[in-house]
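Please keep the sequence and the model at hand while reading.

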Amino acid sequence: MTTKRPFHDFTERLAQFADGRRGIRNPFVIVPVQPKYERRVAERLTEWATNPHRTEEFPDDGTVQVLRLDELFVETDVFELAVDLGDNSQPATITETMQDRLAEELVAVMVEKIEAPAQQRHVVLLTHLGSLYPFTRASELLDELDRRNVQSTIGIPFPGDIVGGKLSFFGEESRNYYPAHQIEGRVEGVHLQ
């Protein structure tokens, strides 16, 4: 059943995981967002992060950190390589190189910045996912975080559509984002008023 309050349900589910709730494997939560509202959702989540304790189940010792993926992207070696190659390479070659290396390098940068990667009570919000298109997907980031045994509760607002119960990133083939817990429904403008 689709929720009428996906933003609220997202922050509530993050609070539940931060409070020790167990799930599929890791405490990863994803909420679909109408792409044109991705920035506004990121702003609201940044505001929520300043006082997550107003969410009822958020633990007293819980913490929240926001990582902007668009800012971390430019810290990767593969981004530097693409800039250095510039006009000396074909766009398709740069895209292919990004697709091969970005998720692994981006997660390496993330792990250095996550303040408590071994603590489920520490929530990490990964915002501005759309800035990574077409180079990597949320599923690749979550898989890499899982491989690196990051235990923090991870929340991702996902700019896309729900197609057949699966998430579709910018009209691409829809995928099931296991091991993420997906909030039913999509954040749209009406949920941000």
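## Overall fold

A contact means heavy atoms within 4.5 Å. On that basis, residues 24 or more positions apart account for 79% of the contacts in the protein chain with a separation of 6 or more. The model is a predicted one, in which local features need pLDDT of at least 70 and side-chain atom pairs count only at pLDDT 80 or more, while totals for chains, interfaces and linings use all residues. Residues are numbered from 1 along each chain as its sequence is written, and side-chain values use heavy atoms, with hydrogens and water left out.

The protein chain has six helices and six strands, where helices (H or I, at least four residues) and strands (E, at least two) are DSSP runs numbered from the N terminus. Their order from the N terminus is α-β-α-β-α-α-α-β-α-β-β-β. The radius of gyration, taken over C-alpha atoms, is 16 Å, which agrees with the value near 16 Å for a compact globule of 193 residues under the rule of 2.2 Å times the number of residues to the power 0.38.

## Burial

Of the 193 residues, 49% count as buried; buried means under 20% relative accessible area, exposed means over 50%, and partly exposed lies in between, with a 1.4 Å probe and protein chains only.

## Salt bridges

A salt bridge is a side-chain nitrogen of Lys or Arg within 4 Å of a carboxyl oxygen of Asp or Glu, and by this rule the count comes to eight. One of them joins aspartate 61 to arginine 121, with the closest N and O atoms 3.8 Å apart. Aspartate 61 lies in the loop between helix H2 (38-49) and strand S2 (63-68) and arginine 121 in the loop between helix H5 (91-113) and strand S3 (122-127), so this pair ties together parts that are 60 residues apart in sequence.

Arginine 147 and glutamate 144 form another salt bridge, at 2.9 Å between the closest N and O atoms, and both lie in helix H6 (residues 138-147), three residues apart, or about one turn of the helix. Arginine 147 counts as exposed at 60% relative accessibility, whereas glutamate 144 is buried at 9%. Arg68, Asp70 and Glu71 are linked in a network of salt bridges.
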